[in-house]
Amino acid sequence: MAFLSKGVHSMWRSTKLLQTLLPQVSQSFLCSSSELSSSSNSESESSDSLESASHVIDTERIRNRKLLYPPQHSCDRIQSWVSTLSRLQDDKVGIIDLHPSIFGVHPRLDIIHENIKWQQKYKNIDFSRVRTRAEMPGGGRKPWRQKGTGRARHGSIRSPLWNKGGAAKGPRGPTSNFYMLPFGIRVLGLRTALSCKLAQNDLHIVDSLYIPAEDPEYLRDLVKSRAWGYSLLLVDDNDEVPQRLANALQQIPEYNVMPAYGLNVYSMLKHETVVLTLSAVEKIEERLLYHLHRSGCVQQKFRLPL
Amino acid sequence: MLMKSSTDMMMPTSILSCKHCSTKHPNYAYEVSKDPAEWKYVEHLLPKSFVPEVPGSSLHHYPTPSGWVPQQEEKYAKLPYYISRTKNHQMPIYIKERTDSPLKFTHIGNISGNIWALDADIRELLEASKTDPNYLVLTQVHEPGRFIRVKGVHADTIAQFLIDKGF
């Protein structure tokens, strides 16, 4: 319900904003890149020009990126383009190496299934509950005497054999479905989901989450022009979302943003396209490679935090 | 309590506040040092958080006394399959036993590339090395799981075969 009402609300707001904010948006298009002037429909002054001009793509960082635990043989090499959200068209600003044991593992669909089922189940509480014969009203009196009537012997009208009797082995909620997936399976699930997304061309890497305009139409146009599909998941290392992006995403329910520590298999599969920033890629690789290469046992007994 | 990170030089002060050091042991004479140069000898004793990488061949003569050898890319480069070592630089070969019967099988994991070519090579190896003519070489190829199971205990034979191939 919350999701629905958010959608309706955002539709109303976006139509209103279309009338008010479009001029502003196209100004920032103009100042961010000159080629965009043809696609924008406005010609008014810019107040965001300083901020737009101040966004610099850190190409040095893209070029100098080094892999932790570099792969042992060269046929494992996996590369990806780095694009930017600061321009509408899909300009490539660099190319980076991705770690093959994070982004190039075999597509284990069974592992993905295990992770999805676990995420759906572990926080689910089953509240279904039916009454037993003891909880039903009445039924204390023997309906007829034991012998002599010619009928079957019965002691209670709420016996499970009776119509409108109590349930013999019904659900007795609330029941917790909590269980913990083995740690190695969870790590492999993240690696598999990232690899599958990359192999299907549904994972893209951008330099940062900077966008020049807070109008949701800018993001919609960007996603449409790059054929990123219906839904979008943006992942950054930082859990503070830039103000413009936050304002834009507030009005588009199918586009979401998430910090790297919240990345999970369910969300990656729920959204059609996953967009990682360069910092997020580095963070994800660092954390997953730590678990792949750390000393001692990876699988440790899970204890609920008390 | 002892240390937070090996790079931080905050350990000598925290040693003083350690509960084990606050009471003097009567039988041993010791002194407390704050010298960062001496801390590296303590670091040798602390457990490592990461498995260290293989030292270069200049440092060691292979095979080591235990028989361990590193991977040799020049040997396996032309093969259609590849087997990566485990994080502890060991061969990913295990002897497993079924829970419902004493049947043992050899599990070969971490396979990438053409798994069927490796299966054919292993079958050929075991056919050639079998002593009992009635022994039947049975293998299972799990393509999505990237592993091969061989009936029987053949870990040493297969490990030596793979080391010869350069893995």
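This section describes a predicted model with chains A and B, taking the sheet, the interface and the local backbone in turn. Local features need pLDDT of at least 70 and side-chain atom pairs count only at pLDDT 80 or more, whereas totals for chains, interfaces and linings use all residues. Residues are numbered from 1 along each chain as its sequence is written, chains are lettered from A and ligands numbered from 1 in the order in which they are written, and side-chain values use heavy atoms, with hydrogens and water left out.

Chain A holds an open sheet of six strands with mixed pairing. Strands are DSSP runs of E of at least two residues, and helices are runs of H or I of at least four, both numbered from the N terminus. Two strands pair if DSSP finds at least two bridges between them. The strand order is β2-β1-β5-β8-β6-β7. Strands β2 (92-98) and β7 (255-259) of chain A form the edges, each pairing on one side only. From one strand to the next, the twist averages 30°. Within chain A, β1 (residues 78-83) and β5 (residues 203-206) pair in the parallel sense over two bridges. Here A:Val82 stands opposite A:Ile205. Helix α10 (residues 278-293) of chain A lies across β2, β5, β6 (232-236) and β8 (273-277). The helix runs at about 90° to β8(A). Axes are lines fitted to C-alpha atoms, for helices over the stretch in contact, and angles run from 0 to 180 degrees between N-to-C directions.

The two chains meet through 14 residues from chain B and 14 residues from chain A. Contact means heavy atoms within 4.5 Å. Chains B and A bury about 1200 Å² between them, 48% of it on carbon and sulfur atoms. Buried area is the accessible area (1.4 Å probe) that two parts lose on being put together, summed over both. In chain B, B:Phe50, B:Tyr82 and B:Lys87 lose the most area to chain A, together 39% of what that side buries.

Two cis peptide bonds are described here. One runs from A:Gly173 to A:Pro174, with omega near 0°. A:Pro174 is found in the loop between β3 (125-126) and β4 (175-176) of chain A. Another joins B:Tyr62 and B:Pro63, with omega about -5°. B:Pro63 has its place in the loop between α3 (36-45) and α4 (73-76) of chain B.
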